[in-house]
Amino acid sequence: SSGINAEYGYAVVLRSETANVVNLLFLLSLVAIFTFYGLVISEFQPSTHCGPFRGHESFTAFFETMSAPLGPVQDWVRGVLGSAIATVIIIIVFSLGLYYCRCVAASRSIRIKLLMERIRSQEKDRNFLLKEMVKLRDSIENRSL
């Protein structure tokens, strides 16, 4: 029985290492995708013929017109958020948040599976002990007769 547990424990380690690699690849793909989105938002010009951003010089110009009453604060915010470095930093922070949420969900899923396996194992142990107790009771009753 202990050999099975040792093998099972080793299998769990392999699965967790595989999960870490998959999570890393997922994070890298998110960073690549959101970096592309950030570049599109900050660098490309919107369509002049259709869409909600028509008539604006950039995708961020729509939000600049909505925040016009802010005055000097608007200039500072626009300068900070309009830079490519800030866009990339925001995207990376957002990606890390998504990665964290995905890891928490994956760890909960693994925990649930392990708890279910533990419950099944305890049920087998209980059934084994009940069978042994019945055998012992029967053997005691047979001796007393």
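Modeller: Accessible areas here come from the Shrake-Rupley method with a 1.4 Å probe, and for residues only the protein chains shown count as cover. On that basis the protein exposes about 11,700 Å². Carbon and sulfur atoms supply 69% of this area.

This is a predicted model, where local features need pLDDT of at least 70, side-chain atom pairs count only at pLDDT 80 or more, and totals for chains, interfaces and linings use all residues. Residues are numbered from 1 along each chain as its sequence is written, and side-chain values use heavy atoms, with hydrogens and water left out.

Confidence comes next. pLDDT is the predictor's confidence in each residue, from 0 to 100. Its mean over the protein is 77, and 79% of the residues reach 70 or more. Over residues 1-13 the pLDDT is below 50. Beyond near neighbours in sequence, that stretch has three contacts in the model; a contact means heavy atoms within 4.5 Å.

Now the fold. The protein has four helices and zero strands, in the order α-α-α-α along the sequence. Both are DSSP runs numbered from the N terminus: helices are H or I with at least four residues, strands E with at least two. Of the contacts with a separation of 6 or more, 43% join residues 24 or more positions apart. Buried residues make up 9% of the 145 residues. Buried means under 20% relative accessible area, exposed over 50%, and partly exposed in between, with a 1.4 Å probe and protein chains only.

To the aromatics. There are three aromatic pairs by the rule used here. Rings of Phe, Tyr and Trp (its six-membered ring) pair if their centres lie within 6.5 Å; planes under 30 degrees apart count as stacked, over 60 as edge-to-face, and the rest as tilted. Phe 34 and Tyr 37 have ring centres 5.9 Å apart and planes at 70 degrees, so this pair is edge-to-face. They sit three residues apart in helix α1 (residues 2-43), about one helical turn. Tyr 37 is partly exposed, at 45% relative accessibility. Tyr 37 also pairs with Phe 36. That pair is tilted, with 6.3 Å centre to centre and 45 degrees between the planes. Phe 36 is exposed, at 52%. Phe 34, Phe 36, Tyr 37 and Phe 94 form one aromatic cluster.

Look next at Ser 95. Ser 95 lies in helix α4 and is buried, with a relative accessible area of 0%. Leaving aside residues up to four places away in sequence, Ser 95 touches Leu 27, Leu 30, Val 31 and Phe 34.

Arg 102 lies over the face of Phe 26, at 4.2 Å from the ring centre. A charge sits over a ring if NZ of Lys or CZ of Arg is within 6 Å of the ring centre and within 35 degrees of the ring normal.

Finally, the cysteines on either side of Arg 102. A disulfide is a pair of cysteine sulfur atoms within 2.5 Å, and the count is zero. The sulfur of Cys 101 has its closest cysteine sulfur in Cys 103, at 9.4 Å, too far for a bond. Cys 101 is partly exposed at 49%, and Cys 103 is partly exposed at 21%.
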